Amino acid sequence: MHLLSPAVSLTLALCLSAEEPARQTDQQNPAAASFQLDRFPALEERVGGVWQVHYHKATKTPEFTYGTGIVLQDWRENSLLEARRHATQALVTYGDLLKLATAEYRESIGARMGNAYSFTFDQYFNSVPCIGGRADVRINMQGVIAMLGSIAYQIPADFDTHPIVNPETANLQAWLALGEQPTGAPQPNKTLQTRLVIWADLEADAYSDCHLAYECPVSNLDLNGNGKVGRYYIDALNAAVLHYQNDKHDCSSLACKNAHHGYNRSVELAPPAAPLAPVSTLVTVLAYARTGQSAVSPLVNTPMAGFTVTVPGVGTFTTDSLGQITIDIIAPVLITVTAMDGNHCSPINGTSAPAASVTVTPGINAILQIFTSTATPEQAAHANTYFWVYTANEWVRTLAGNNAQMNTADGVTPNVNLTGSCNAFYTGNTINFYPGSGTCNNTGFSTVVVHEWGHGIDERFGGISNSATDGLSEGWGDIFGMYHPLVDNPIVGIGFTTAGGAIRTGLNTKLYGTQTEVHASGEIWMGFAWRLRDNLRAALGTPQAIAISDDIVISTIVANATNQANAVVQVFIADDDNGNLNDGTPHYTQLSAAATTKGMPFPAIQIASINTTPLANTTQTYTPRRVFCTAAAVSSGTITDVRLVYSSLGGPFQTRTMISSGNPNGYQSILPGISSGVVTYHIEATHSSATVVRSPASGEYSYSVSVPVSGPFTQFFTDNFEAATTAFTTTRQSGTATNDWQLGIPNGKTGVSSGVAWSDPAAAASSRIFGTDLGAGTSNGAYPANMNYYITSPVINCTGRTGCYLRFRRWLTVEEGIFDQATVRVNGQVVFANPLNGNLVDTAWQTFEYPIPMADNNPSVQLEFRLISDAGLQLGGWHVDDVQLGTYVVTPPNAILMLLPEQAAAAAPMTLSVQTLGAQPFLIAIGDLPGPTSIPGIPTLLVGGSTLTLTGYTNVAGVFSLGFSAPTPASAIGSIWYSQVLTLDAAFNLVTSNQFINLFTQ
């Protein structure tokens, strides 16, 4: 748990309906509003606590969920091995919630990430890899599951993994799609082979079907490094081109593999020594390189650590951190260097390569000097690139670990002085730089080298995510450059231009969700990282700021986040010290401020939480209803007061104090029983800091009480939309597209949206309807993206009417409710909502009828048909006809019992009243349990436990009333009375009243 300072901005806990997850956005960050966080009631029901979830749009799986944390009861030690055991088990335990289905998941990444362990499991189906399909688990070092998630293809069990197209045909199709002849130049990625995979468009804004496909690598760079490098995905059933994935990542948008590589290099020993005794001799390797940040920084004669030195007749050696090797020789030996080569890169290729040599005499220390102080920029590019790759690799290993991914990065091939200018790029474990020309300096220097190398590290840990609107990998490259131990500077690419211009800065003002060019988009993630470091610097000083930001930002590369919002969550997880993100993290103040500055969503602190199960609709008339909740402080302090605030039948709001329910942090209160209609309510809890937490955060919980009805439907309002005008009005609440609610004749448009087939009606039974885009002319019949719009009825007077129902004809096609919402509301109360999971696709007109007790005896009733869409899949939308309000005959109750008020303090005045059908004898049973109690020959009583009975008679009007005082003993506080009347009906049959419930307080 974390204590909060007054300066911390507190975001309060929400308590939301299990049936309808609410969209949560940080009010300080309007630019992040499009990023949807929902409550995850299924996980809350299973493990308790409060959990947020973000659904992946293309797979409709929980991409990540975080919250209170799941304490691991069998946590044996703080180790990667122990965390792996629990991570693997978590996929089994929570696989149904993550929608992992029948696929196989193989660990691809398992590494420390700040204060947590990060595990990624790649998805396979019938041993065929699913491109980008994965499951994720993060386990805090205290033995708590901090995050679960998946981007799991929803593959049918009968999905056929046998291709019809052969790989040769697929490759031909890929090159045809490329539309180019091979250049004949040497290519990177020479080892990549065509393979059979399962592919879906994971960047789609709507659900994406999966395809059996061939992944066909294509590489067509010319001698200058210009051209395409990437992969085509070709459908393995029909050879259709599905997608092109770019694998070449340039440094900016302004036109701008040897077997011995590995972290632990083995030494190749020379043949058996000659009879003469060898002499240990020290050799130091130095090179003139630009160790400063600018492209024109002074050349510094620098030791080349980790450098490969081949000594003829002796063996191959690797220099230490001082750039030194010790060799045992018996005679002078000539050591020559023609390429910069070391344990963290392959030999550097390019013009102006070094040609250095030294003759080493036994026992006389020597210096192998590479280049001079007058080295040209093209010569220096070799030494610069080597130096910055080596230092970056050594640094990142301290944070991401000495693992297989970093060992693969040791094989990166640098190419310098390519023909061209003003650019650099990464592709296929190669980094490529251009010489100085025109307005640009040689790009083989400091942060540009580290940026491109950073792309490679991103690829090693699961692949590069670099969509134009997110630019995550571009941001990663810049962060590696800014954070490098020899940099600590927000400016990347100082001196990139001959005029002294740089490429980008972490102090940019770009906001999340506002950019459409990949490098500009990356500046948001870059900017978050720099603002975080600066915030930490202001609070803790530079040494701690660097250590903390390195540990909680750079280490999260192992999490392989696929977008910036997810990446921010991983940083919070890495910083957290107990697996519970709801109570903040040790550096929450600095993290949240950085995210807010960039307009990014982030896991906000919840100072207190309220959990409750909203009451459902009921047919039990006149029966009060108990409300239960748990209310607890999350981070610090205590709960001092809990209240139930309610409105019955549209009346003014009233407040009742909630008292202990006897469970830990448990509270209870009671709502009035009503004849029919709607009760709305919310719960408030006061924290010891004087902060009030509300559940739900906005709006009200509500439920309706419906009366038993019989007989025919009698309408009193109707609109069949046959007239040229209607009293219904249309409103666009948000969105910029045309408001296409239309009154007229439908045109039967059809479509297929992301594989979902839909159709609109060709004509209604009464020809004219009200609907979204009726498809006239060239209109496609589909509703627009990112819209919130509705139609509203005129005000309808329902005074004197009881047992009201809404009846209408519907033809609706809409994406599932976690993305698009189609609702019917009466006076703001939802009476219909499309399912959260599964698209709703009507194929014919249907008549629907819903009880609307909120209209009973209400003089001001309005109907609303609403549609809210996101950026993804759009179907045909609403089509509505023959809207009617009417009533059925209400069956009167046999008896009514009231003991008011339902919740009373000790000695408070109360009134007992009984109503019967005419003058009747009655018996009242009162007990401390709700029953049921069964007695032969008597209707079942909803009273039990310790009971008492009272008898009496109603008068000729069927009414009995008695005043009394609520019980006074202290033992009565918190007690519950359940009561019911047993009486006679007009035919002298024994009948019962409604059950009544009373709660007694202090």
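Predicted model: local features only at pLDDT ≥ 70, side-chain atom pairs only at ≥ 80, totals over all residues.
## Backbone exceptions and a helix pair

Asn-429 is buried, with a relative accessible area of 11%.

Most residues other than glycine have a negative phi, and most peptide bonds are trans. Asn-429 is not a glycine, yet its phi is positive, at about 60°. Its place is in the loop that joins strand 23 to strand 24 (430-433). Cys-422 likewise is not a glycine and has a positive phi of about 60°. Cys-422 sits in the loop between strand 22 (413-415) and strand 23 (424-427). The relative accessible area of Cys-422 is 8%, and because buried means under 20%, Cys-422 counts as buried. The cut-off of under 20% is also why Asn-429, at 11%, is called buried.

| Peptide bond | Form | Omega |
|---|---|---|
| Ser-695 to Pro-696 | cis | near 0° |
| Leu-900 to Pro-901 | cis | near -5° |

Pro-696 belongs to the loop between strand 34 (692-695) and strand 35 (701-705). Pro-901 is in the loop between strand 51 (895-900) and strand 52 (903-905).

**Helix 8.** Helix 8 covers residues 518-540, which is 23 residues. From its first C-alpha to its last, helix 8 reaches 33 Å, close to the 33 Å expected at 1.5 Å a residue. Gly-541 follows helix 8 and has a positive phi, near 95°.

**Packing of helix 7 on helix 8.** Helix 7 (residues 472-483) packs with helix 8 at an angle of about 40°, and their axes are 7 Å apart. That angle makes helix 7 oblique to helix 8. The crossing of the two helices is right-handed. The residues of this contact between helix 7 and helix 8 divide into 10 nonpolar, 3 polar and 3 charged.

On the helix 7 side, the contact is made by Leu-472, Glu-474, Gly-475, Trp-476, Asp-478, Ile-479, Met-482 and Tyr-483. On the helix 8 side, they meet Val-518, His-519, Gly-522, Trp-525, Met-526, Ala-529, Trp-530 and Arg-533. An α-helix has 3.6 residues a turn, so residues three or four places apart point the same way.

How values were computed. Residues numbered from 1 in each chain as written. Heavy atoms only, no water. Helix = DSSP H or I, 4+ residues; strand = E, 2+ residues; numbered from the N terminus. Expected span 1.5 Å × (residues − 1). Buried < 20%, exposed > 50% of the residue type's maximum accessible area, 1.4 Å probe, protein only. Axes fitted to C-alpha atoms, helices over the stretch in contact; angles between N-to-C directions. Parallel < 35°, antiparallel > 145°, perpendicular 65-115°, else oblique. Left-handed = near helix turned anticlockwise from the far one by under 90°. Contact = heavy atoms within 4.5 Å. Nonpolar A, V, L, I, M, F, W, Y, C, P; charged D, E, K, R; others polar.
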